[in-house]
Amino acid sequence: MLAPANPGVGVETESGTVENRTSGSVQSVERAFHLLELLADSGDSSLTELSAAIDVPAPTTRRFLKTLVSLGYARQLPNRHYGLGLKLTRLAGRVESQFGPIVTPHLDTLAREIGESANLAVLEGDLVVYIAQSPSRHAMRMFTEVGHRAHAHSTGVGKAILAGLSDDQVARIVSRVGMPAETAHTITDLAKLRTELNRIRRAGYATDKGEQEIGVVCYAVAIPDVPISMAISVSGPTFRMTQELGKAAVPLLISESQAISKELLGLLG
């Protein structure tokens with residue numbers, strides 16, 4: 001369910017916009033961004049749902065959405081629902097480019113302490129995209145090219161991110177991109193994926209044991225409390241990624257994810 005807005009007290013200006021007397025903000029801008037946040041959190045939504053969520057009459061909400069669509073920040077689907085527009089990808093890419101200096105030291109710590117390759121990935125659209133890596137010191141190591149895209153259901157970082165979404169959001173992602181079997185170990189059934197995501201929520205971390213690539217094991221943790229869905233991981237060959245190493249990796253992944261969150265929130269204000 002979409003959360004309702006809190007419009008506050010406002011006054012109409014000469015330009016026809018509404019200023020919030022409490023904060024001095026322009027309410028129409030606030031509502032436009034609220035619409036984008038609702039679409040990001042809840043996925044494709046109808047005009048009725050969005051209008052109720054921001055507590056604005058449908059004709060006014062339609063005008064907001066029409067403007068966002070014309071600018072490329074939202075799109076109208078064949079079923080007349082609204083979704084996020086592709087232009088947001090360019091903005092997200094610029095934000096992500098600022099992550100390197102913050103994230104790299106933490107990935108380096110993971111790679112040094114665990115001895116295996118460490119990655120950062122974000123959810124972009126319905127796929128995960130790897131945006132930073134610190135390689136293992138071993139000659140035989142896992143390498144995921146920065147910019148590589150993968151399905152969320154078959155990767156450790158993807159499942160860690162999906163565990164932070166609602167079941168409805170996960171179902172919508174799966175309905176759009178499917179659940180292809182990367183290996184014989186990949187989860188390809190939505191009910192089984194939901195069971196796995198519940199396990200991840202309880203445990204606080206995700207695993208990929210040969211689901212994306214045979215012979216590779218990955219442990220992953222989502223970055224908490226940040227507005228972009230993202231996760232970090234360590235991965236390596238099965239013969240080195242033992243259960244004992246996993247037990248050592250998880251607490252470090254959690255502590256580094258919390259440190260990254262704190263720094264990113266400082267960057268994003």
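1. At 6% relative accessibility, Y219 counts as buried, where buried means under 20% relative accessible area, exposed over 50% and partly exposed in between, computed with a 1.4 Å probe on protein chains only. Y219 belongs to strand β9 (residues 216-222); helices (H or I, at least four residues) and strands (E, at least two) are DSSP runs, numbered from the N terminus. The model is a predicted one, in which local features need pLDDT of at least 70 and side-chain atom pairs count only at pLDDT 80 or more, whereas totals for chains, interfaces and linings use all residues. Residues are numbered from 1 along each chain as its sequence is written, and side-chain values use heavy atoms, with hydrogens and water left out.

2. A search of the whole structure finds one aromatic pair. The rings of Y205 and Y219 have centres 6.2 Å apart and planes at 35 degrees, so the pair is tilted; rings of Phe, Tyr and Trp (its six-membered ring) pair if their centres lie within 6.5 Å, and planes under 30 degrees apart count as stacked, over 60 as edge-to-face and the rest as tilted. Since Y205 sits in the loop between α8 (190-203) and β8 (206-209) and Y219 in strand β9, the contact ties together parts that are 14 residues apart in sequence.

3. What is the relative accessible area of Y205? The value is 24%, which places Y205 in the partly exposed class. R199 lies over the face of Y205, at 5.8 Å from the ring centre; a charge sits over a ring if NZ of Lys or CZ of Arg is within 6 Å of the ring centre and within 35 degrees of the ring normal.

4. The count of salt bridges comes to nine, a salt bridge being a side-chain nitrogen of Lys or Arg within 4 Å of a carboxyl oxygen of Asp or Glu. One of them joins the side chains of E116 and R240, with N to O at 2.6 Å. This pair links distant parts of the chain, with E116 in the loop between α5 (99-114) and β5 (117-124) and R240 in the loop between β10 (230-237) and α9 (243-268), 124 residues apart. E116 is buried, with a relative accessible area of 2%, and R240 is buried as well, at 18%.

5. R176 and D126 also meet in a salt bridge through their side chains, at 2.8 Å from N to O. R176 lies in helix α7 (residues 167-177) and D126 in the loop between β5 and β6 (127-134), so this pair ties together parts that are 50 residues apart in sequence. R176 is partly exposed, with a relative accessible area of 38%, whereas D126, at 17% relative accessibility, counts as buried.

6. A further salt bridge is that of R201 with D167, whose closest N and O atoms are 3.7 Å apart. It links R201 in helix α8 to D167 in helix α7, 34 residues apart, and here R201 is partly exposed at 34% and D167 is partly exposed at 32%. Salt bridges that share partners join K159, E196, R199 and E211 into one network; R199 is also the residue that lies over the face of Y205.

7. Helix α3 (residues 58-71) has 14 residues and reaches 20 Å from its first C-alpha to its last, close to the 20 Å expected at 1.5 Å a residue, the expected span being 1.5 Å times one less than the number of residues. Within α3, the residues T61, F64, L65 and L68 are buried. They cover an arc of only 95 degrees around the axis, which puts them on the same side of α3; the arc is that of the directions from the helix axis to the C-beta atoms. The face turned away from the buried side of α3 carries the exposed residues R63, K66 and S70, and α3 is followed by G72, whose phi is positive, near 90 degrees.

8. Two backbone points deserve a look. D55, in the loop between α2 (47-54) and α3, has a positive phi of about 60 degrees although D55 is not a glycine. D225, in the loop between β9 and β10, likewise has a positive phi, of about 70 degrees, without being a glycine, and at 66% relative accessibility D225 counts as exposed.

9. S117 lies in strand β5 and, at 0% relative accessibility, counts as buried. A polar atom of the S117 side chain lies 3.1 Å from the backbone nitrogen of S136.

Key: A polar contact is a pair of N or O atoms within 3.5 Å; within protein, one must be able to donate a hydrogen and the other to accept it, and residues adjacent in sequence count only if both atoms are side-chain atoms.
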